[in-house]
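Here are some exercises to work through with the model open beside you. Try each task before you read its solution.

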Amino acid sequence: MSRQRGQGADSEAGLRTQPAGRRSEGERAESWQQERARVLSQARVVVVKVGSAVLTDASGLNSQVLEGLAAQLAFLRDLPLTGEDAASAGQPEPAPHASDASAPAQGARRIVLVSSGAVAAGRAALASRGRAVEPTGLSARQAAAAVGQGQLMQAWDKVFLAHRMPTAQVLLTRDDLRARQRFLNARNTFAELLEWAVLPIVNENDTVSISELKFGDNDCLASLLVNLTGADLFINLTSASGVLAADPQKNPQAPILDHIDDVAALDLGQLCGGKTSVGTGGMYSKLLAARRAAQIGVPTLILPGREPYVIMRAF
């Protein structure tokens with residue numbers, strides 16, 4: 001997790017009062033761990049982003065991965081808040097009859113899911129029907145996304161139905177967040193969906209996007225949604241094992257960082273390798289998104305998305 005020092009913070013959670021340089025190593029370690037625990041326990045609105053490299057394999061969408069993530073997000077939804085946010089959120093009262101299957105659990109936490117995978121799902125769907133394509137140009141990727149977006153939403157809706165979580169599809173372009181009236185409309189829609197305990201599943205509207213107005217990758221889109229939804233925490237799931245201390249292509253033995261004091265101070269070009277084979281992002285774009293979130297004081301948690309129960313273990 002990281003929050004920018006420029007926001008009055010010098011740790012991943014961003015609320016220390018004593019400069020980190022004046023502490024012993026043991027005190028710094030204890031402090032960031034305590035701050036992490038507090039942020040996770042009080043995060044009422046959470047933006048979760050998952051990319052193509054986590055969701056897909058050679059045959060398209062990986063149903064086991066989707067099922068596992070749905071179970072973890074249902075767990076997060078129902079995880080009780082603590083501290084100030086618990087009182088302000090108003091913890092929901094239990095159903096009069098615990099055995100009443102018609103009364104879905106309503107957790108106090110609200111989640112926004114940003115999901116890539118439409119292009120990869122579209123490519124797999126076409127291949128299964130004898131039309132092998134390799135969408136390399138913008139128009140080809142847009143066409144593959146048009147095929148795959150329905151497949152992606154259907155797959156998500158199916159796995160969340162098992163946890164009694166209604167979903168909503170939201171497709172956005174950069175222009176939607178640049179134009180004030182569109183931004184306000186989007187913000188009001190998200191507020192209503194979250195009030196209804198509906199899970200917005202967000203993706204870029206690739207079919208109508210033009211290269212000059214594309215977000216570039218969903219890491220960028222997710223970081224902008226942190227501001228639009230008033231999120232308290234940004235979770236970014238990666239196909240990597242975590243954020244490494246050096247470029248793994250140059251230093252295969254680079255250790256995983258447990259926290260980052262100041263994401264704005266990182267030399268991302270030196271630290272990160274290239275993009276993934278099926279996605280458009282990579283660790284560079286994830287840390288850049290964390291930097292954007294840090295600019296408005298929101299911490300980021302970057303987790304290995306393919307590890308079982310990784311979100312549950314983080315909380």
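**Exercise 1.** In which hand does α3 pass α6, right-handed or left-handed?

*Solution.* A word on the source comes before the steps: this is a predicted model, where local features need pLDDT of at least 70, side-chain atom pairs count only at pLDDT 80 or more, and totals for chains, interfaces and linings use all residues. Residues are numbered from 1 along each chain as its sequence is written, and side-chain values use heavy atoms, with hydrogens and water left out.

Step 1: find helix α3 at residues 63-78 and helix α6 at residues 138-161; they pack at an angle of about 50°, and their axes lie 9 Å apart. Therefore α3 is oblique to α6 (angles under 35 degrees count as roughly parallel, over 145 as roughly antiparallel, 65 to 115 as roughly perpendicular and the rest as oblique).

Step 2: α3 passes α6 in a right-handed crossing.

Step 3: the contact (heavy atoms within 4.5 Å) involves Leu66, Glu67, Leu69, Ala70 and Leu73 of α3, together with Ala155, Trp156, Val159 and Phe160 of α6. By class, 8 residues in it are nonpolar, none polar and 1 charged.

**Exercise 2.** Find the strands that pair with β6.

*Solution.* Pairing requires at least two DSSP bridges between two strands.

Step 1: β5 (residues 167-172) pairs with β6 in the parallel sense over 6 bridges, and Thr167 stands opposite Leu199.

Step 2: β4 (residues 110-115) also runs parallel to β6, joined by 2 bridges; here Val114 stands opposite Val202.

Key: Helices (H or I, at least four residues) and strands (E, at least two) are DSSP runs, numbered from the N terminus. Axes are lines fitted to C-alpha atoms, for helices over the stretch in contact, and angles run from 0 to 180 degrees between N-to-C directions. A crossing is left-handed if the near helix is turned anticlockwise from the far one by less than a right angle, and right-handed if clockwise. Ala, Val, Leu, Ile, Met, Phe, Trp, Tyr, Cys and Pro count as nonpolar, Asp, Glu, Lys and Arg as charged, and the others, Gly among them, as polar.
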